[in-house]
Amino acid sequence: MVSGKKTVLVIVSDTLLRTTITDKLSQKGFGTLHAADCAEGVALAVGNLPDLIVFEGSPLSADGISLVKRVRGYDWGRYLPLVVLSSTDEPADLSFVKNGDGPLFFFHASPPNGDDIVREIETRLAGTYPTC
């Protein structure tokens, strides 16, 4: 958490999208951290303990699996909400990725829209998890 604000770590390789998301979150009063890849993101998470991590891609990729497992391996990350920005529908079985009890949400972001992504982050941080 940065300065008493809810902090979001944004791990997105596309510089424009990453900047758009972090700028919009900052405008809404969130603290932000950002990384271009999962390895950099995990290092930032360990050093800063964000309230939520949003990352692009697939949790089934090597980077995605590594991020989820590494974050869930820490006490502080066990229950941390993770939001996956994906251009495909949610995979059916992630039991081998979801070690820990924290929520893993999928947000279909194709094409990615900063405003929609920020609304999804706000929803998840508020603890409201709509079923549809």
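In the predicted model, helix 3 (residues 62–72) contains the buried residues Gly-64, Leu-67, Val-68, Val-71 and Arg-72. Because these residues cover an arc of only 115° around the axis, they lie on the same side of helix 3. The elements against which the buried residues of helix 3 pack include one helix, helix 2 (38–48). The others are strand 1 (7–11), strand 3 (52–56), strand 4 (82–86) and strand 5 (104–108).

A packed pair is formed by helix 1 (residues 15–27) and helix 4 (residues 114–126). Two packed helices are described by the angle between their axes and the distance between the axes. For helix 1 and helix 4, the angle is about 50° and the axes are 9 Å apart. The two helices are therefore oblique to each other, and the crossing of helix 1 and helix 4 is right-handed. Helix 1 contributes Leu-17, Thr-20, Ile-21, Lys-24 and Leu-25 to the contact, while helix 4 contributes Gly-114, Asp-115, Ile-117, Val-118 and Ile-121. Classified by residue type, the contact of helix 1 with helix 4 comprises six nonpolar, two polar and two charged residues.

Thr-22 is also found in helix 1. The relative accessibility of Thr-22 is 7%, under the 20% cut-off, so Thr-22 counts as buried. When residues up to four places away in sequence are not counted, Thr-22 touches Val-10, Thr-32, Leu-33 and His-34.

Methods. Residues numbered from 1 in each chain as written. Predicted model: local features only at pLDDT ≥ 70, side-chain atom pairs only at ≥ 80, totals over all residues. Heavy atoms only, no water. Axes fitted to C-alpha atoms, helices over the stretch in contact; angles between N-to-C directions. Helix = DSSP H or I, 4+ residues; strand = E, 2+ residues; numbered from the N terminus. Parallel < 35°, antiparallel > 145°, perpendicular 65-115°, else oblique. Left-handed = near helix turned anticlockwise from the far one by under 90°. Contact = heavy atoms within 4.5 Å. Nonpolar A, V, L, I, M, F, W, Y, C, P; charged D, E, K, R; others polar. Buried < 20%, exposed > 50% of the residue type's maximum accessible area, 1.4 Å probe, protein only. Arc of directions from axis to C-beta.
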